[in-house]
Amino acid sequence: MTSIGIIGTGFGGIGTAAELVTHGYDDVRLWERADTVGGVWRDNTYPGAACDVPGPLYSFSFAPNADWSRRYPVQAEILAYLGRVADQYGVTPRTRFGARVASARWDQDAWHVGFDDGTTETVDVLISAVGQLSEPSSPDVEGWESFAGSVLHAGSWDDSVDLSGRRVAVVGTGASAVQIVPRLAEVARELVVLQRSANHILPKPDGAYPGWYRDRAQRERRPIDWVTQQFSRGLDPDSTVATVIERLASAHLRLRVRDEELRRHLTPRHQVGCKRILFSNDYYPTLTRDHVRLVPHALAEVRADAIRTADGQWHEVDAICFATGFDTQDFLHGIEVTGPGGDLHEAWSAGARAHLGIHVPGFPNLFLAYGPNTNLGGGSIITMLEAQARHIRATLDRMDHHGARRVQARAEAEQRWDDRVQHDLAHSAWASCTSWYHHPETGRITSNWPGGTHTYEAAVADVHDEEFLWT
Ligand code: NAP
């Protein structure tokens, strides 16, 4: 019986475990650094946290949810859904909570996994499901440790901090910020929003599902999926879809913001799709409120009671909320991985890469969920994670078929895959500006998949024996 260890219990870990367990792999254990399952949906509890992909699609195909209260579910109900799926598929009892993986070393045909409390466990197969958005990052600006007020981050929100009646700065204007800003504006005395880049923002076709409709809402899955496939075409700069999205976003801005100067500041300067396209109905109106101010400059310096923006202006504030994203380029952050191929982080020093986003040559019996080049510009990441889970399970089936104890991708197969992916990425919108999708030193796009979810599903549907070494 193959023993399998999975790091992380977000959508990736839960989905992969469910796939394996339902296909007869019983010796599956999971390690979770926190006390409950949920991944980013457990950690991102900032006010307004919700999904910008509709619930009927943002759920496992094998576990439809008849309970979404609205089209775009909020954080608490996504977390509750994940908890239910984890219980239903026996993931929760298989999980060791409070277990932070610090290292994984391949030795004598097994992965020896070390934890930060000094304990170790050994498994035949190791699966990383730690995600790409699990390590919050903030700009390293001068003086920030001298700030006397509260400091929060969207990715690790502290619910005990009360921002009512305070002067608050939000740093960043990405997917997290457009959700936080309207909610903080409801409680803050003054709100200053620091914008380094304006983004394309579309209206969000959101709404509460009436009780009688909830168990029927799942019927929206296929049409929503169709729309997201079209949407991902918009990432080709020459496509008609890109033009349509650009025009819609521009009309949305004109309609919601009458002040010409504010509108000018909010007009994106980059190719549509280069940064994540955002959805919000209340972000623009919030920026027009009297006590809310958009400052179109980056954060440059902090002192005890104020922040300075790149234009040299100081702004007195009592609290700083970073909505500045995640450390996305250090895949498997904080885990030392050593295989016959050496140190994984060294192997990835020019940017992470993996065959099909799942297999790394030189690292046998190691699989990645949400690995390099599997993030999306449109569509549901759950579809990608399910495709990876099926592929990992099918690879283990083939291992059994070959009577092998080890499997790893051949370097030449990985190179072919990488050439194809990087070629397509070079012609995508993402190549035209800097973003969290790029490796900071080499500029290589390591995060994103250059296509729709269906093309990825097709690419990983089969395990091609000749692409792997079975020993
Ligand atoms: P993000 O997209 O990386 O945005 C970070 C923001 O911080 C950007 O606007 C960035 O500006 C800004 N920034 C960085 N340093 C700054 C500085 N010194 N001064 C001023 N601004 C600064 O992070 P995020 O919004 O947390 O989103 C990350 C990803 O999480 C998303 O792309 C998405 O995949 C996921 N997410 C999903 C949802 C959902 O609804 N499903 C919600 C939230 C997040 P630049 O653009 O100039 O770099």
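Cys 274 and Cys 433 form a disulfide, with their sulfur atoms 1.9 Å apart; the term covers a pair of cysteine sulfur atoms within 2.5 Å. By this rule the count comes to one disulfide. The pair links distant parts of the chain, 159 residues apart. Cys 274 sits in the loop between helix 7 (260-265) and strand 12 (278-279). Cys 433 sits in the loop between helix 11 (411-426) and helix 12 (453-460). Helices (H or I, at least four residues) and strands (E, at least two) are DSSP runs, numbered from the N terminus. The torsion about the S-S bond of Cys 274 and Cys 433 is about -115°, so the disulfide is left-handed.

The model is predicted: local features need pLDDT of at least 70, side-chain atom pairs count only at pLDDT 80 or more, and totals for chains, interfaces and linings use all residues. Residues are numbered from 1 along each chain as its sequence is written, and side-chain values use heavy atoms, with hydrogens and water left out.

Cys 274 and Cys 433 are both buried, meaning under 20% relative accessible area (1.4 Å probe, protein chains only). Cys 51 is buried too, at a relative accessible area of 3%. For Cys 321, also buried, the value is 0%.

Now the cavities. Each is a set of points, on a 1 Å grid over the protein atoms alone, where a 1.4 Å probe fits but cannot get out. A search of the whole structure finds two of 30 Å³ or more. The largest cavity holds about 60 Å³ of space. The second largest cavity holds about 40 Å³.

Conventions
Buried < 20%, exposed > 50% of the residue type's maximum accessible area, 1.4 Å probe, protein only. 1 Å grid on protein atoms, 1.4 Å probe; cavity = no way out; pocket = protein on both sides within 12 Å on 5 of 7 lines; lining within 4 Å. Points joined across faces, edges and corners; volume = space filled by probe spheres on them.
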